[in-house]
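Please examine the sequence and the structure shown below before reading on.

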Amino acid sequence: MITLYHCDAARSFRPLWMLEEMGLPYELKMLPFPPRVFAKDYLALNPLGTIPFLIDGETRMTESSGICHYLGIKYGPTPLMVGPEDPAYGAFLNWMYFSDATLTFPQTLVLRYTQLEPEERRNPQVAGDYAKWFLGRLRAVEAATANAETLCAGRFTAADIVIGYALRLADNIGLARDFGPNVAAYWARLQQRDGFKRAVAAEQAAGKQQNVAPRVRG
C-alpha cells in the first residue's frame, strides 16, 4: 500500500491528485503545517520535515513532481505520462521540472512573508517582489494555453497536475486575481476534473477523520 504524508493545500497535493487520477489505492496521513514545527515525531521518518513524503515498499520520496513521475512510470502505462517516442516528450519534462523550480519556489516566499512568519518579521516588499517573479514566469503557461486545453501532447497529463497545483497555491495566497485570461480559464477547467475533485474531497475527509485542522488561507 502506498502511503502519502500530506498537509492541507501543500505541494503534496500533486501526488494526491496523481493517485486519484490513476485510481491507485493509498493511505493518506495528514499532518499540521508546518510538520517540522507541529509534528516533531515526523522528523524521525523524514528528517527534512517537509511535505510530501511517500512510502511505497522500500521507496521513500520527498519531491512532489518527482513522485508524480514515479507513480506514472511505476504503475503505468497511463495517458498521464508522455514517453520519449512522443514529440511532446521534451515539453512534458520541461513542465514537470518548471512546476517546482520556477513556479512554486517564488510562491513559497510570498506565503512565508505574508502568513507564516511572525508579524514583526513579515515583509511586504519581499512578498511583492516574489509575487511579481511568479506572475512573470506564469507567462509561459499563459502562452501554452492560448490555443490548447492542456499544456502538451494534446491531452491532460501529469504536467497539468504539477502545474495545476501551482495555480491552486496561487489561488490560496491571493495571486489568482492577477492570472491572465488563458491561465484563468485553464485553472477553471482543471478544477472541474473528477480527479481533482476527488483529491480535494480526500484531503478534507482525511483531515476531519484524523483531527487535523485545515490551514488558514489568504
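The following paragraphs move from the overall fold to individual residues.

This is a predicted model, in which local features need pLDDT of at least 70, side-chain atom pairs count only at pLDDT 80 or more, and totals for chains, interfaces and linings use all residues. Residues are numbered from 1 along each chain as its sequence is written, and side-chain values use heavy atoms, with hydrogens and water left out.

The protein contains nine helices and four strands; these are DSSP runs, with helices (H or I) of at least four residues and strands (E) of at least two, numbered from the N terminus. Along the sequence, their order is β-α-β-α-β-β-α-α-α-α-α-α-α. The C-alpha trace spans about 45 × 45 × 25 Å along its principal axes.

How much of the protein is buried? Of its 218 residues, 52% count as buried, where buried means under 20% relative accessible area, exposed over 50%, and partly exposed in between (1.4 Å probe, protein chains only).

Asp-56 belongs to strand 3, which covers residues 53-56.

Asp-129 is found in helix 5, residues 124-137. With a relative accessible area of 41%, Asp-129 is partly exposed. Its C-alpha atom is separated by 34 Å from that of Arg-155, which is 26 residues apart from Asp-129 along the chain.
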